Amino acid sequence: MADSKKPRAAFAPWDRRELPGTFSVEETADRVGQYKWTEMKLFEALGGWVATVPELDIKMRLGTHCYHHAWHAELWHKRLPELREMNPERLTLPANDEFVAFMDAVTEPGEHDQTIEKLVGVYRVLIPHKIAAYTYHLNNTSTITDAPTIRSLKFAIADEVEDFTDGTLMLTSLIETPEEVERANAHQLKLEKLLVASGGICGPGTIGDAYDTSVHVAANGN
Amino acid sequence: MKKLISPEELGRDDRFERADMMDRIADPRNATPPEDSKRGRPGRLTPDRADASDSARALMHGIFVGEIQALEGAGRTCYDFEVGKGDDDVPFELKLDMARQCWDEARHCEISVKLSDWMGTGIGEFSENAFLFQAACNPDPVLRLTGVNRALEGLAIDVFNTMREFGDLAGDPVLEFCEDWMLADEVTHVKMGSDWLRKLTVNDKERQKKALEFQKVVDKLFSFGGLRGEEDDNPIQLARRFRELAGFDDEEMEEIAELSREARAEVEERGRLAREANVQSGV
């Protein structure tokens, strides 16, 4: 057995987490509040749609997904006080008016014959965008100081990817004719334009700026 | 998407047959076989009843459509109300509970579809009426929660316990196993209802009274003319032990039993008057 008194490195050779991160406490709280606002709008809409969707398998699946997003909202709600926002409602806000318009358009379809539109908004536009935004946050925050947010992001991303797969399967099974392809694409196009106008779930910069060439990633990781 | 929809707006595929309560009662498959009748009632659901298979299948179909409506009701409560402190608003945490209930009810639908298949029935073999969802249309969140989570989910405790016992007696471990799991969820849902009723009305006894009155109305309606109760010939038995776990006290359970007796007496009186009227008119 090894000598238990022999000094070891504080960070073992396999642990290469780093201190620096892109976001301050305040910036993180802002983002988390915007995530919570969006997750709330999403789980409320999924819950509302359960009643009006006639397709039984989709009705049941939306009921399950409703809880996934409510749980994400709860995770973000609980994270806010840990980020010095003692009144979580104060930061439970959309990034901007354009993002409100986007979410209104996502959640607007209410009729029995609009299941394609309902699913397109959530599974082709909103959830892929959330996966992108959450992944950007995960890859840019400090892996040591912001570990609690990272843990929640990983749980949320796992759900989002699984729900995206479910949604894609449901949509693929629903879209059977060229007209339905056009319907789905037209709705997606409309929503994508609104999303672009908003800049995303956290507004402009939601996933950083890929054209900012001043950001260098050194070969040695520093 | 609009708020506060009516039962007529529920989305269903073509297999589902909507019928009102009177049509359901008139369904000859619901008639009591004379050899099983005690005072004109079918009695407890036991495997030795001549109509046991059909009754169990009908009950399972009823559970299935009830679970769909419960799923829809919980979902609408997530959507219909805003987060806030006003009388028309609900706390954030209540919405989270309703979303959790949505997931639970979605699983119950899945379980019920598979059990229906296992028991030899299918979607649409029996009719559906939407009076369960009706209770979930109440625009007052406290009344809605009390009607749904204490009255209807309370009934679900009684029904699942009855079905679980039937599974045990019939030697059907799959049925017994599944009903037991669903029963655990229903106790959770009723407890949610009891806890939220207490929290939301802690400083408003008048509102609490109104909510409990609404619960009584729903409880009486869902006694189905005494189908649910505590007497030997009540097909659905009041599950006191599980209701206690869910926050009901003895007085409340006695009240439900009494409401059931009242509902039964009313139905029997209506039947007697109808028979007399038939005799007088020579029918």
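What follows is a conversation about how to read this model.

Modeller: Gladly! This is a predicted model, in which local features need pLDDT of at least 70 and side-chain atom pairs count only at pLDDT 80 or more, while totals for chains, interfaces and linings use all residues. Residues are numbered from 1 along each chain as its sequence is written, chains are lettered from A and ligands numbered from 1 in the order in which they are written, and side-chain values use heavy atoms, with hydrogens and water left out.

Colleague: How many helices and strands are there in chain A?

Modeller: Helices (H or I, at least four residues) and strands (E, at least two) are DSSP runs, numbered from the N terminus. Chain A has seven helices and zero strands, giving the pattern α-α-α-α-α-α-α along the sequence. Its C-alpha atoms fill a box of roughly 70 × 45 × 40 Å along the principal axes.

Colleague: What percentage of the residues of chain A count as buried?

Modeller: Buried means under 20% relative accessible area, exposed over 50%, and partly exposed in between (1.4 Å probe, protein chains only). Of the 222 residues of chain A, 50% count as buried.

Colleague: And how should I read contacts in chain A?

Modeller: Contact means heavy atoms within 4.5 Å. In chain A, 81% of the contacts with a separation of 6 or more are between residues 24 or more positions apart.

Colleague: Which side chain is joined to that of Lys130(A) by a polar contact?

Modeller: A polar contact is a pair of N or O atoms within 3.5 Å; within protein, one must be able to donate a hydrogen and the other to accept it, and residues adjacent in sequence count only if both atoms are side-chain atoms. Here the side chain of Lys130(A) makes a polar contact of 2.8 Å with that of Glu160(A). Pro128(A) counts as partly exposed, because its relative accessibility is 27%.

Colleague: What is the area buried between chain B and chain A?

Modeller: Buried area is the accessible area (1.4 Å probe) that two parts lose on being put together, summed over both. Here the value is about 2,400 Å², with carbon and sulfur atoms giving 72%. Met1(B), Phe92(B) and Trp103(B) supply 27% of the area that chain B buries against chain A, more than any other three residues. The contact takes 30 residues from chain B and 30 residues from chain A.

Colleague: How many salt bridges cross that interface?

Modeller: A salt bridge is a side-chain nitrogen of Lys or Arg within 4 Å of a carboxyl oxygen of Asp or Glu. The rule finds three across the interface of chain B and chain A; one of the salt bridges between side chains pairs Glu72(B) with Lys59(A) (2.5 Å, N to O). On the side of chain B that touches chain A, the largest share, 12 residues, comes from α3(B).

Colleague: One last topic: how do I read phi?

Modeller: Most residues other than glycine have a negative phi. Arg84(A) has a positive value, near 70°, and is found in the loop between α2 (56-82) and α3 (88-91) of chain A. With 55% relative accessibility, Arg84(A) counts as exposed. Leu4(B) also has a positive phi, near 50°, and is found in the segment before α1 (21-26) of chain B. At a relative accessible area of 42%, Leu4(B) is partly exposed.
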